[in-house]
Amino acid sequence: MRIVTARRISQVFFFALFIWLCIVTAVGDKFWQLRHWPVNLFLSLDPLVAIGTILTTQTLYWHLLLALATIILTIILGRFFCSWVCPFGSIHHFVGYLGKRSKPAGQRIKLNRYRKAQGIKYFVLAFLLAGAAFPSISATLQTGLLDPIPLVSRSVNLVLLPIADKPFALLAVTQRLYELAGLIFAVFAAAVLLNLFIPRFYCRFVCPLGALFGVVSRFAIWRIGKNKQACTGCKFCEQHCEGGCEPATTIKIAECVLCFNCRDDCKKMDDCISYQTVASRAGEHTNPDISRRGFILSVASGVLAVPAIRLAGKVGKGWYYKVVRPPGALAEAEFLKRCIKCGQCIKVCPTNVLQPAGIEGGIEGLWTPILNNRIGTSGCQYNCVACGSVCPTSAIRAISLDEKMGKGKFASKGPIKLGTAFVDRNRCLPCSMNKPCIVCEENCPVSPKAIYTAETFNAVRNGRLTVKKAVGSTSLTTGVNTIETAENGLPVDKYGTGDYYCIVEGLSGQMRHPEGEQRWKIRSNTENTILCEGKFETVPAEGAKVIIQVRLQRPLVDIERCIGCGVCEHECPVSGLKAIRISAEGESRSYDRQLLL
Amino acid sequence: MSESEDKKIDRRKFLARGAKAALSIAAASIIAKTLYDKTGPSGEPETGLVSLPDFSVPAKDGQVISVVKGSDRIQTVDKAIDSLGGIERFVKPGDVVVIKPNVAFTTAPGLGATTNPNLVAEVVRLCYTRGQAKTVYVTDNPINDAESCFALSGVGKAAAQAGAKVILPKDRFFKKTTLKGGKLIKNWPILYEPLAKANKIIGIAPVKNHSRAGASMTMKNWYGLLGGRRNVFHQDINLTITELAMLVRPTLVILDGTEVMMTNGPTGGSFSDLRRKDTMIASCDQVAADAFGCTLLDMKIDDLAYLSMAEKAGVGKTDYQSLKPANL
Amino acid sequence: MSSNKIPRYESIISAGVILLLCGIAAAIILPQFSQQTSGQTQNTSEPAAGESIENILSQLSPKGFSAVSKAAVYDADTLYEKIDGRAPLYTESGFEKLFTRLYKSDSNEIVTFEIFVYGMAKPENALAVYSQQKRDDAEDLTDFDFGYQTSNAIFCSLGKYYLEIIGSAQSAELVKSMTESAVAIKAALPSGGAIKTEEMVILQKAGAEAGTIKFSTDNTFSCKELTNIFSAEIKVDGKPATIYLSKRTDEKEAIALADAYAKFLARIGATEKKIALPAESARCFDEFGPIEVVFNNGNFLAGVHEAADMELAAKAAKMLNEVLKGAN
C-alpha cells in the first residue's frame, strides 16, 4: 500500500470520527448520544487550545493533556496533524483537489508554489497568543476564532448538522435554532471556497494551529527532503503539494504538511524525495519565513488589542444584562480566558436554550455560549448539567446536580443562579391587560416556587351596569342569583369563565358571599342577564349599580429563590418581547453583579 | 567530499537534530507536568482578602468624647481635640495618617453635604505641626465623580494646601475584605491602598439628615471606603452601618455640627436645609459621637437603629453622658 | 531509479498506520459497550442518592455528640448482620441499602445513639415498614409528616427512606439531640423527604386527622387481598371512623378488589346490610357491631373500616365518595 493511500484512509477515518463525535454530542444514553464517547477528542488533541489556556490561566486543564502527545509527535514527525488528522484540513484537501483536478500540471505546480503571504498565519498566531499572554494587563482567549478545530466543531455542530438533520429530524425532535449561525457559516464557507483559488488556502495563509505546528516542526527528526543533490528539476513533486513548501528546491519545513504527494509523484520520475533523518540535499529552511518586524508588530497589536477591547467595559461596569451564562460558567473575566467558542455546550444543550453570542457581551464574547430563553424548547433545564460536563476547557465547570441545585454538601451555598427573572408590568397580561394568566408562576421549577402571585379584582371595561331586576337565590352554597341589567349588549357568556365576579356598588356591605366576601362569581351571562353564585342577603333594587370584576393573579418574583433558569420567560405567552425576562443580575458566578445583600 | 565524510556529517547533524527534539519534548513535558491541573477552576473568587488593623489608641477615662460649642470650626475643633489630650495623643511623630472626610457629592462647601474644607485643612495642619506626622493622606470614594467631588467640595484644594496628599479612588486601590463575624461585608472591595500605608485614621463628617439611614454622621462616613456596587447595601442600611463601624476602628472621629443639614439629606442643596447648631464633637468612640449627633438633628437614639446595634456589637456606647463628655 | 513499485517498508508503515487507526477506533468504541449508563448525562442524581446518604451522615454533627466511626452500609445480603431477625420485614418490602452511624456524647461516654437510614425502592415501601412498626402509644413528631418518638427513639418515614434513631438511655435531652439529627437529615434529603401520594391528598381532603394516615402493603384489615392501602382516621359528627383508599391500575381491578374484600367479610361471618349508600357499587357489612363499607369509584378502591354505626358509615362513605368524584 502506498503511503498516500494510508494518509487518505487516515483522513477519512478521522473526518468520519469527527462528524460522529459531533453527532453524539447530545444528552442521552442511546448509542448515538453522549454516553462515553470522547466528544472532546479533537479539541483535546489541539495544542493551540492547551497553549492558549496555559497562557491565560497558567494551568493545563486535564482535558487538554492529550495535546502534549500531539506536540511530541509533531516534534518527532513534523506537521502530521494537518494532513493526517485535522478534519478541517481534510475538507480543504478535498475541496482543493476538486478545484485543481482539471487543471494542467504546469498550472497546478504554479498554484502550489510558495508565497510570501504564507507567513501571515504566523502573525495570526502571534497576535492571538499575545492577546492571551498578559493576564496582568488583561487577557482574553480568542484563538478559537480561527483555530481550525473549534472553528470546524462550531460550524458542524451549529450549522451543518442542523441543516443536514432538517428533513429527517433524527438528531433533534424540534428544529435546532442558532443565532448567528449565518455568520459562523459565512466564515466556514469562505474558508472552504477559497480552496478553489488556491488549494489549502486556509491552511497555508490563515491557520494559527498550522503556524504553531510549523514552529514546532523545526526540530522534527524525520523530514521530507531530497536524498540526492541532482534531480531533473521537473517540479512534478510540486503539482500536488498540499503545503506549498517547494520540495523541488529548498524545502520550507515549516510549511510542509506531510501529505507525501511529492514523494509519490517523484517516485514515478527521479525518486529522489524521501522522508529522512538528514537534511534535504537541496538544502532546507527550518524557520518560518517571517520578518522580525512583522512578528513584533503582531505581538504588540495582540497585547494592545485586548485592553483596547476591554475599554468597552463589557467585562466590568458596562456588562450587558442579556449575557446570561450557563450554570457553572466562571466569572466573566475568567470565562473569557478559557472559552474557545467551540460550541460543544451549545450543541449538547438539550433545550437549545444555549446560543452562540453576538458581540453584546463585547467583541471578545463572539460565539461564546449565552442563554436565549425565547429560542429552544425550554429554559435551562432544572436537572441538567450537560454543558459543563462537555466543556473542554472548564470555562463552564463540570458541576454536579447537587451543586446546581444547592443540595447535599452544597446546601449552605444555595443553588446556582444564572440571573434573576424580572416582570415587565407594562407587557404582563394580568398586570396591564386585565387578563388572567400566571403561566410563569405555574412553570417555575423551583420548590417552593420563586414566582408567587398577588390577587386583585379589577373592574372590566364597560362593566358598570344598572340593575333592572334582580332575583336572589335561596341557598347559600348552591344557589344562583339572577341580575337583569338595563343595558343590553353584554358579550354573551364572556363572563362565565370562572374568572369574573360581580359586586353591587353601595350595597355590597349588606351582602354575603359563601366565602364571606362581598363578591359573587359569575356563572354565565346573556346580553342582559348575569347569573352569579351565592346568595344576596338584600336583593339589589332596580337602579342599583353592578360592577363586573375580573380576578387577576399578578406575578411577583421572590429574588431569594429565583435561579434565573428562564423557564418562565420561555413559557410567557407574550412572545415577542417577553413580559418576564431573565437578566444576569444576581448570577452566582460574579460577586459584583449581586442584586441582594 | 567522500561518501564516508558525508555520512559522518549526516550522523552528526542527525544527533544534533535528535538532541534538540529530545530537549523540546522534555521541555514540553515538564511544562505540561508543572502546569497540570487535575481539578479545574473552583469557581470561587480569588483569595487574598485583606483585613484592616485596629487604628485606635488606648482609651483614657474622661477623655473619650468632647463637645465644644462655637461658630468657628477652627477654634472649636482645636479645643475639642485638646480636650481629649491634644493631637499628640493620637498622632505620633513619623505616623502616616489617613483622613477620611465625607466628599460624597459635587456640592459647594457651604451647603453642608460634604465635610467643611477648612476643617479638613485644620486637622491636616494639626497632624503635621503638632503631631509631626510623616504623611497625611486625604481620601474618599465619593458617590458622584471623584475628581469633581474633591474639586467642587473644596476639600481637595484645602487639604493639598495644608500639605496632605489627596488620594483619588483608583480601581487598583481597592482590595476585597470580609468582616469577621459580619453578615453583609463579605468579599467586598474597600479603598485599601491608602489604609495599608497608614497607621492612623481620622474620620471627619458633617451631621446630616439621611433619607434611608435617618442620619449620616461618623459611622455612615465609612461607607465612602466601600467600592463595588455598594448601593445594594441600602437593602439593610442599619446592619451595613453597624458592620462598617465594626470594620473600621478609627483613631479619632470628628463630627461637625456647626451647620447641620436638617432636611433633604444626604444631598441637601439649599441653605434652607441647614440650621446653625454651633457644635463640634471629637471622639474616640464613634457610637457615642453619633449618639450625641442625633440630638442635633432633634432625633432620639432609638430613632437610629444602627446605634444600639453597634453598641450591642461592642463598637461603642450610645449613652454618651456616661462617658463624661469634656466641655459639655 | 524511477519505478512504480511500492517499496516494502512503505507498505509496512502504511499497514502500521491502518493498524493504529483500528486501535484508536477500538479504544473509542469498546467503552461504549462496557458500561450501560453515562456519567456525563443529566441523570446523575439517582445513582448518587446512596452516596448522598453517606454524605449526609458524614456531615451530620449533632451538638454535644461526635461520631464513633464512619458510616456503615449494609445491603440485602448483609442486613442480617446488623438487625438479625427483623431483616425479612425490610427485604420483603423493597429494601435496598441500610446506612448506619453511631454517635457518642462528648460529656458522657455511655450515652450514645445510632442512626439507621433504610433506603427503600419507593416511598411507599418506606411508608409500609414505618406503618407496620408504628406503635399506637407513640408520640407524634410535629416536624414530620410520618414520624413518632418513644422515650429513647425516633422513627420516621422520609421520601424513600425509613429512619430510626435509637438512643442508649431514656432521657429527654438525648431525644432532643436525636430529633435535631432527624430534622437535619430531613432537611438534607431531596425535597425534604416529603411523601405525597394521590391517596394521601384525597384522604387529607376528606378530613383525615393529622398524623393518622397509614399505609399497609399487604394483609390490610387481616384480608390478604387488600394490598397497598392507605387509611386514615376521620371524625364524622364528632364520632371516629377509619376510611381507606387505594388507587389501582384500572377500574376492573378496583371492582375485583372490592368484591374480594366483600367475599372475605362474608366468609368471616359479617352480614350484608341494605342501606342507602353513595355509590351503586357500594356494599355494607355488619361485622358483629362494627360496620364496614367497601366500594369503588373509578380506579379507586375505597371504603369505611369499623365504623360505630350504620349512619356513621354511610356518612363517611358519602363524604369520601364526594372527594373522589372531584379527584376522578
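I am working with a predicted model, where local features need pLDDT of at least 70, side-chain atom pairs count only at pLDDT 80 or more, and totals for chains, interfaces and linings use all residues. Residues are numbered from 1 along each chain as its sequence is written, while chains are lettered from A and ligands numbered from 1 in the order in which they are written.

**Entry: the loop between β10 and β11, chain B**

I looked up B:P266 and found it in the loop between β10 (252-261) and β11 (274-283) of chain B. The peptide bond that joins B:G265 and B:P266 is cis, with omega about 0 degrees.

I then turned to B:N264, which lies in that loop between β10 and β11 of chain B too. B:N264 is not a glycine, yet its phi is positive, about 60 degrees.

Is B:N264 buried, exposed or partly exposed? I count a residue as buried if 20 or more other C-beta atoms, placed from the backbone, lie within 10 Å of its own, exposed if 12 or fewer, and partly exposed in between. B:N264 is partly exposed because it has 16 C-beta neighbours inside 10 Å.

**Entry: A:Q58**

My next stop was A:Q58, in the loop between α3 (47-57) and β1 (60-61) of chain A. A:Q58 has a positive phi of about 60 degrees, although it is not a glycine. A:Q58 has 12 C-beta neighbours inside 10 Å, so it counts as exposed.

**Entry: chain pairs**

Which chains have the most contacts between them (C-beta atoms, placed from the backbone, within 7 Å)? Of the two pairs of chains that touch, I noted chains A and C as the one with the most contacts. Chain B and chain C do not touch, and their nearest C-alpha atoms are 16 Å apart.

Key
Helix = DSSP H or I, 4+ residues; strand = E, 2+ residues; numbered from the N terminus.
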